[in-house]
Amino acid sequence: MSLKNDKFPSSAAFDAINSALNASEADRKDAIKQGNAVFAFNLKNAAGETESWHIDLKDKGTVGKGPGEKPTVTLSLSDSDFGALVAGKANAQRLFMSGKLKIKGDVMKATKLDPILKKAQTKAKL
C-alpha cells in the first residue's frame with residue numbers, strides 16, 4: 001500500500017521512510033530506540049489542501065496515513081518545505097525559526113527525527 005498522494009509530491013518520502021524502516025529488523029529497532037515517539041506530519045500543498053501522515057517510532061516502527069495514535073509531536077509545514085527537508089536541501093531549525101515549520105507537543109522529540117529522515121534521503125527520489 002503506497003502512502004503517496006499525488007496532490008502532495010513530497011509524500012513519496014513516506015514510502016521511502018517506510019522502506020528504510022522495513023529494510024531490516026535491526027534498522028527498525030534502532031529507529032524505534034532513537035525516536036521513541038509518534039511523529040505526526042500535517043502537510044499543506046500549493047492548492048491549500050492538507051493531509052496527515054505519521055511515523056510510529058514508539059512501538060511498531062511503521063508509517064501510515066492520518067495523524068496516528070496520540071502523536072508525541074506534530075509537525076506542520078508545506079509540502080514543498082517537507083520535500084526540501086527530506087531531500088536535505090532545508091534545515092529544520094531554520095524552517096522552525098522562520099515560522100515555516102510549526103511544532104506541537106514535545107519539541108525535543110522533533111530533534112530525534114533527523115537521523116530517520118537522513119536514512120530516507122538515500123532512498124527517496126524527490
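A pocket is here an open set of points on a 1 Å grid over the protein atoms alone, where a 1.4 Å probe fits, with protein on both sides within 12 Å along at least five of seven lines. The volume is the space filled by probe spheres set on the points, which are joined across faces, edges and corners. Residues are numbered from 1 along each chain as its sequence is written, and side-chain values use heavy atoms, without hydrogens and water. In this predicted model, local features need pLDDT of at least 70 and side-chain atom pairs count only at pLDDT 80 or more, whereas totals for chains, interfaces and linings use all residues.

The lining of the largest pocket comprises 21 residues, and Ala92, Gln93, Ala110, Thr111 and Asp114 lie nearest the centre of the pocket. Two or more lining residues are given by each of strand 4 (73-78), helix 3 (79-87), helix 4 (92-97), helix 5 (107-110) and helix 6 (114-123). Helix 6 supplies the largest share, 4 residues. Lining residues are those with an atom within 4 Å of a point; helices (H or I, at least four residues) and strands (E, at least two) are DSSP runs numbered from the N terminus. By class, this lining holds 14 nonpolar, 5 polar and 2 charged residues. Ala, Val, Leu, Ile, Met, Phe, Trp, Tyr, Cys and Pro count as nonpolar, Asp, Glu, Lys and Arg as charged, and the others, Gly among them, as polar.

The second largest pocket holds about 180 Å³ of space. Its lining includes Val38, His54, Asp56 and Lys58, and by class consists of 1 nonpolar, 3 polar and 6 charged residues.

Aromatic pairs number 5, where rings of Phe, Tyr and Trp (its six-membered ring) pair if their centres lie within 6.5 Å, with planes under 30 degrees apart counted as stacked, over 60 as edge-to-face and the rest as tilted. The ring centres of Phe8 and Trp53 are 5.7 Å apart and the planes stand at 75°, so this pair is edge-to-face. Phe8 belongs to the segment before helix 1 (12-21) and Trp53 to strand 2 (residues 50-56), so the pair ties together parts 45 residues apart in sequence. Phe14 and Trp53, with ring centres 5.0 Å apart and planes at 10°, form a stacked pair. This pair links helix 1, which holds Phe14, to strand 2, which holds Trp53, across 39 residues. Both Phe14 and Trp53 are buried (under 20% relative accessible area, 1.4 Å probe, protein chains only). Ring pairs join Phe8, Phe14, Phe41, Trp53 and Phe82 into a cluster.

Key:
Buried means under 20% relative accessible area, exposed over 50%, partly exposed in between (1.4 Å probe, protein chains only).
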